[in-house]
Amino acid sequence: MKVGVIADIHSNQTAFRACVDYMVNAGCEEFLLLGDFISDTAGARQTMELLYELMEQFPCHVLRGNREEYMIEQRKIREKEEEEKFWPANSASGNLLYTYRQLTERDLDFFESLPITFRYEKEGYPAFTCCHGSPVNTRELLQLDSDRTKEVLEEIDTDYLLAAHTHFPGISRYQGKTCMNTGSCGIAIGDPGYAHAIILESGQNEWKPEFLRNLYILAAVRRQPYRRHSLNAYCNRSKFALI
């Protein structure tokens, strides 16, 4: 079987679409979605609709990232009417505010329901510990081969750690355990116009990763803030390429 792993979409629904279409056509039967679905680019609403659509069509295992936590925290602040903590519309927090305004109560409730880590396991194959930052903190950066990453590998009770958040894809091994980072689907550092993700393929008592680098139409992302299409029209144009 094949499993698609996507993280750090950051509201880039064009890149998200490119990854999902490729993975579905490659035969992926399940998806692991490792957080930071929204913020930093313009398409938070479209990204959430695509996420819900994917969850309806395939088994999906989802956790929240630090960006989802920012949104949860802002809702709590607004519920308490702590106006001094509201995000102002300035260059430091304007994008977060713009993203927040695109989200619904359903979205925020969904974020709150998500864990920050989970164990993914299929009978006959090694288990994965999955997280966004680390298994204990969505905002922790686990750089490949770092001392902290080695500590986490020692602490977890699985042979594989699947993480995100750094935006740098890759794989490292330590004392018989393996750490993989998906890279960023939506904002690949140093690789504009490409979406990074992983396909895990089950082998003989192991998982074999295929690190993806999918080109998407960068110009479409740049035009998003200035184009006004209804969500229904968007969804009708871009259904998942099911096989």
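Start with Phe58, which is buried, at a relative accessible area of 15%. Keep in mind that this is a predicted model. The cut-off for buried is under 20%, so Phe58 falls within that class.

What does Phe58 pair with? The model holds eight aromatic pairs, and one of them joins Phe58 to Phe31. The arrangement is edge-to-face, with 5.4 Å centre to centre and 70 degrees between the planes. Phe31 belongs to strand β2, residues 28-33. Phe58 is in the loop between α2 (44-57) and β3 (60-62). The two are 27 residues apart, and the pair links distant parts of the chain. Phe31 has 0% relative accessibility, so Phe31 counts as buried as well.

Next, Tyr120 and Trp207. How are their planes set? This aromatic pair is tilted, with 50 degrees between the planes and 6.3 Å centre to centre. Tyr120 sits in strand β4, residues 117-120, and Trp207 in strand β10, residues 207-215, so the pair ties together parts that are 87 residues apart in sequence. Are these two residues buried or exposed? Tyr120 counts as buried because its relative accessibility is 2%. For Trp207 the value is 3%, so that residue counts as buried too.

Which residues make up the cluster around this pair? One aromatic cluster is formed by Tyr120, Tyr125, Phe128, Tyr160 and Trp207.

Now the charges over rings. Arg106 has its charged end over the ring of Tyr52, at 3.6 Å from the ring's centre. Arg213 lies over the face of Tyr194, and there the figure is 3.6 Å from the ring centre.

Last, the backbone. Where is phi positive in a residue other than glycine? One case is His10, with phi near 50 degrees. His10 is found in the loop between β1 (2-6) and α1 (13-25). With 3% relative accessibility, His10 counts as buried.

Asp36 is another non-glycine residue with a positive phi, near 55 degrees. Its place is the loop between β2 and α2. Asp36 has a relative accessibility of 2%, which means that it counts as buried.

To put the loops side by side: Asp36 is in the one between β2 and α2, and Phe58 is in the one between α2 and β3. His10 is in the one between β1 and α1.

That is the end of my part.

Methods. Residues numbered from 1 in each chain as written. Predicted model: local features only at pLDDT ≥ 70, side-chain atom pairs only at ≥ 80, totals over all residues. Heavy atoms only, no water. Phe/Tyr/Trp six-rings, centres within 6.5 Å; stacked < 30°, edge-to-face > 60°. Helix = DSSP H or I, 4+ residues; strand = E, 2+ residues; numbered from the N terminus. Buried < 20%, exposed > 50% of the residue type's maximum accessible area, 1.4 Å probe, protein only. Lys NZ or Arg CZ within 6 Å of the ring centre and 35° of its normal.
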